[in-house]
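I opened my notebook to look up a few spots in this structure. Here is what I wrote down, entry by entry.

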Amino acid sequence: ELVALLFINGFVAFFQNVLYAADFTVTFVSLAFEVIEDDQIEAIVGLLLVVRLWRFVRLGHGLLSAVHEVDEMETEGLEERIIQLEKLLESNNINVPSRVSESGSQSVVKKKA
């Protein structure tokens, strides 16, 4: 995966991204230590395993952040559309139905006189 990103982004752009460079370094070093078997290296390999697992945590957080951002943008668009439709109802002298808030209580949108 990292090698594909290296070729896609180009060598310079890839290593300018600190997170890509760190991922590449940790992965490369941990693979090198797995090939070399030595009792002293086992502690380092354990530490690198924790760092590699941290990468999955970052990926999960990135995915959740992206989903949250998309949801926020959709919510803002829907709220703007609701306001437009309420104004249209009011301009045609139609009572605006009550809204259910996040807390579950209903509020009545009053029609302007």
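**Entry 1: aspartate 71.** I looked up aspartate 71 and found it partly exposed, with a relative accessible area of 40%; buried means under 20%, exposed over 50%, and partly exposed in between, with a 1.4 Å probe and protein chains only. Aspartate 71 sits in helix 4; helices are DSSP runs (H or I, at least four residues) and strands are too (E, at least two), numbered from the N terminus. This is a predicted model, where local features need pLDDT of at least 70, side-chain atom pairs count only at pLDDT 80 or more, and totals for chains, interfaces and linings use all residues. Residues are numbered from 1 along each chain as its sequence is written, and side-chain values use heavy atoms, leaving out hydrogens and water.

**Entry 2: leucine 53.** I stayed in helix 4, which also holds leucine 53. Leucine 53 counts as partly exposed, at 47% relative accessibility.

**Entry 3: aspartate 23.** I then moved to helix 3 (residues 18-35), where I found aspartate 23. Is aspartate 23 buried or exposed? My note says buried, with a relative accessible area of 11%. Leaving aside residues up to four places away in sequence, aspartate 23 touches Leu2, Arg55 and Arg58 (contact means heavy atoms within 4.5 Å).

**Entry 4: asparagine 93.** My last stop was the loop between helix 4 (41-91) and strand 1 (99-100), where asparagine 93 is found. Its phi is near 55°, a positive value in a residue other than glycine. Most residues other than glycine have a negative phi. I also noted that asparagine 93 is exposed, with a relative accessible area of 61%.
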